[in-house]
Amino acid sequence: MSIFPRIVKYFLFGGMALLPFVAASAPETDAILQIAEICRDADGDHLPDLMGQTVTARGVVTVGVGTFHTKRLQGFMQDATGGIQIFANRSDLDIHEGDLIEVQGKLGNHKGQTQLHVERYGLLK
């Protein structure tokens, strides 16, 4: 069991191979999931049940591009249910703190930290 409270683990991140990145308007998807649903661990194995699946989330950027790294996106977003780290192997993304975004990507884990590997994103107005 992690020494961090369960809610904190939703904000942590790791690394994973990415599919090609495509910047677009909002990603096309059938279902936008709440972050708590994306991070749900119903079986208690300390990994989100949707691990490895492509998911879509909508939320506010709380840490944007360039805060942690200048050569890749490593930031955070949150909705009313929780938060998650967003990651992409590029730094030219126009994502800033306070932006409302919709992202689509694979749910990954690195060293026990959950991360959404952004494949597509859109800024929402």
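Student: At 2% relative accessibility, does E102 count as buried or exposed?

Tutor: This is a predicted model, in which local features need pLDDT of at least 70 and side-chain atom pairs count only at pLDDT 80 or more, while totals for chains, interfaces and linings use all residues. Residues are numbered from 1 along each chain as its sequence is written, and side-chain values use heavy atoms, with hydrogens and water left out. Buried means under 20% relative accessible area, exposed over 50%, and partly exposed in between, with a 1.4 Å probe and protein chains only. Because its relative accessibility is 2%, E102 counts as buried.

Student: In which strand does E102 lie?

Tutor: Helices (H or I, at least four residues) and strands (E, at least two) are DSSP runs, numbered from the N terminus. By that numbering, E102 lies in strand β5.

Student: Which residue is the bridge partner of E102?

Tutor: Two strands pair if DSSP finds at least two bridges between them. β2 and β5 run antiparallel and are joined by seven bridges. In β5, E102 is the partner of R58.

Student: How many salt bridges does a search of the whole structure find, and at what distance do the side chains of R58 and E102 meet?

Tutor: A salt bridge is a side-chain nitrogen of Lys or Arg within 4 Å of a carboxyl oxygen of Asp or Glu. The search finds one. R58 and E102 meet in a salt bridge, and their N to O distance is 2.4 Å.

Student: How far apart in the chain are R58 and E102?

Tutor: The pair links distant parts of the chain, with R58 in strand β2 and E102 in strand β5. Their separation is 44 residues.

Student: Is R58 buried, partly exposed or exposed?

Tutor: The relative accessible area of R58 is 38%. R58 is therefore partly exposed.

Student: Which side chain of opposite charge is nearest to D79, and how far away is it?

Tutor: Lys and Arg count as positive and Asp and Glu as negative, while His and the chain ends are not counted. D79, in strand β3, is buried yet has no salt bridge. The nearest side chain of opposite charge is R58, at 9.3 Å.

Student: Which residue stands opposite V60 in β3?

Tutor: β2 and β3 pair in the antiparallel sense over three bridges. Opposite V60 stands Q78.

Student: How far apart in space are L100 and G122, C-alpha to C-alpha?

Tutor: L100 lies in strand β5. L100 and G122 are 22 residues apart in sequence, and in space 8.7 Å.

Student: How many residues has the largest nonpolar core?

Tutor: A nonpolar core is a set of buried Ala, Val, Leu, Ile, Met, Phe, Trp, Tyr and Cys residues joined through side-chain atoms within 4.5 Å. Those with the most contacts inside the largest one include I38, M77 and V118. Among the elements that give two or more residues to this core are α2 and β4. The number of residues in the core is 20.
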